[in-house]
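Biologist: Hi, could you walk me through this model? I'd like to go chain by chain and then talk about how the chains meet.

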Amino acid sequence: MLIEFELIEKARSGDDGAFNLVVKAYRKRILGTIARLIGRPEDVEDVGQEVFLRLYYSLDQLRAAEVFEPWLYRLTVNAAYDYLRRQKRRHESRMSDLSEQQVMMADASAGGKQQAEELRRTKVREMVQSLLGKVSEEDRILLIMKEVEGLSLKELEQIYKVNENALKVRLFRARQRVLKAFEAGEV
Amino acid sequence: MNRMDQDRVGDQMDPLWAEYREACPDAEPSAHFMPRLWQRIETQRSTVASSWFRLWAEVWLVATVTLAIVMGAILIPRFQSNPPAYLASYVDVLAAADSANDSFVLPPAGETQ
């Protein structure tokens, strides 16, 4: 936990100052998770604000301060999922945007170690985003939460409210689908 | 599910996930993050408050109309079955009383004796 339970209790009872401190403590971590989940840096803050807005209006439903982090992750997962579904409906081509970004970056960079490193990172991001595009939004989020965010099955159980075996099966299938695309070089 | 299959998948993908994690570090939020968040909270709060007010207004309106209909349904038949006790107007009643008291009216002065 990044904060004391007492602070969560205060925020729960309507203390806006306490809520402000809760947001400040968690915003960096949540924005990072959202960035990895949605893969579009320009929309990360917007989705992040949506998460904390939902937190503000649902804090009174929190059973106990101890389950605050799974609760916050659940809100994050839901907001990212809503965002990805909206994006899918808009038929936006994420990959073409990233490629343009990459080309622009490559053009702008006149060489140097830092630029080369940034280009490599961009390529990794593009590759993983492309692989994750082969699975559903639900599986994409589940995979990132497990493999990238490093959440345990126990924590995922609390977030998804499903049993461990169901999660294992779902994760295994999603991993296989991604691996198949990886091996087939569909990226 | 096969344990070996799981390990195989894990072995091949783990380095990629780690690289992705490294390529997407936690970013610092912009200076506008908190002000915009509070702005959204306030906007939502006023929307919720106005929708509550609208709901209450609608509830009261429905209750008033229902009460008016119920009162009409009860009172109108009652008025129709029991005609009012006084059919004559106040002026008619007064005139009738006046004519009944005519014998007690004193004649004009000079006519007496």
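Modeller: Happy to; we can start with chain A, move to the interface and then look at chain B. Keep in mind that this is a predicted model.

Biologist: Good to know. How many helices and strands are there in chain A?
Modeller: Chain A has nine helices and zero strands. Going along the sequence, the pattern reads α-α-α-α-α-α-α-α-α.

Biologist: And what share of the residues in chain A is buried?
Modeller: Of the 187 residues in chain A, 44% are buried. The accessible surface of chain A is about 9600 Å², and carbon and sulfur atoms account for 49% of that surface.

Biologist: What about contacts between residues that are at least 24 apart in chain A?
Modeller: Taking the contacts in chain A between residues at least 6 apart in sequence, 65% join residues at least 24 apart.

Biologist: Which residues does A:Thr33 touch?
Modeller: Leaving aside residues up to four places away in sequence, A:Thr33 touches A:Tyr73, A:Thr76, A:Met145 and A:Glu149.

Biologist: On to the interface. How much area do chain A and chain B bury between them?
Modeller: About 3800 Å², with 65% of it on carbon and sulfur atoms. In residues, 43 from chain A are in contact with 32 from chain B.

Biologist: How many salt bridges and polar contacts are there across it?
Modeller: The rule finds seven salt bridges across the interface of chain A and chain B. One of them pairs A:Glu50 with B:Arg40, whose closest N and O atoms are 2.7 Å apart. There are also 17 residue pairs in polar contact between chain A and chain B.

Biologist: Which elements of chain A give two or more residues to that side?
Modeller: They are α2 (16–38), α3 (44–58), α6 (113–132), α7 (137–148) and α9 (164–183) of chain A. The largest share comes from α2(A), with twelve residues.

Biologist: Last topic, chain B. Which residues make the nonpolar surface patch?
Modeller: B:Val48, B:Trp52, B:Leu55, B:Trp56, B:Val59 and B:Trp60 make a patch of about 660 Å².

Biologist: Where does B:Val59 lie, and why is it called partly exposed?
Modeller: B:Val59 lies in helix α2 (residues 33–81) of chain B. B:Val59 counts as partly exposed because its relative accessible area is 45%, which falls between the 20% and 50% cut-offs.

Terms used: Residues numbered from 1 in each chain as written. Chains lettered and ligands numbered in written order. Predicted model: local features only at pLDDT ≥ 70, side-chain atom pairs only at ≥ 80, totals over all residues. Heavy atoms only, no water. Helix = DSSP H or I, 4+ residues; strand = E, 2+ residues; numbered from the N terminus. Buried < 20%, exposed > 50% of the residue type's maximum accessible area, 1.4 Å probe, protein only. Contact = heavy atoms within 4.5 Å. Areas by Shrake-Rupley, 256 points an atom, 1.4 Å probe, with all protein chains shown as cover. Patch = residues over 30% accessible without salt bridge, like charges linked within 9 Å, V, L, I, M, F, W, Y side chains within 5 Å. Salt bridge = Lys/Arg side-chain N within 4 Å of Asp/Glu carboxyl O. Buried area = accessible area lost by both parts, 1.4 Å probe. Polar contact = N/O pair within 3.5 Å; in protein donor to acceptor, adjacent residues only side chain to side chain.
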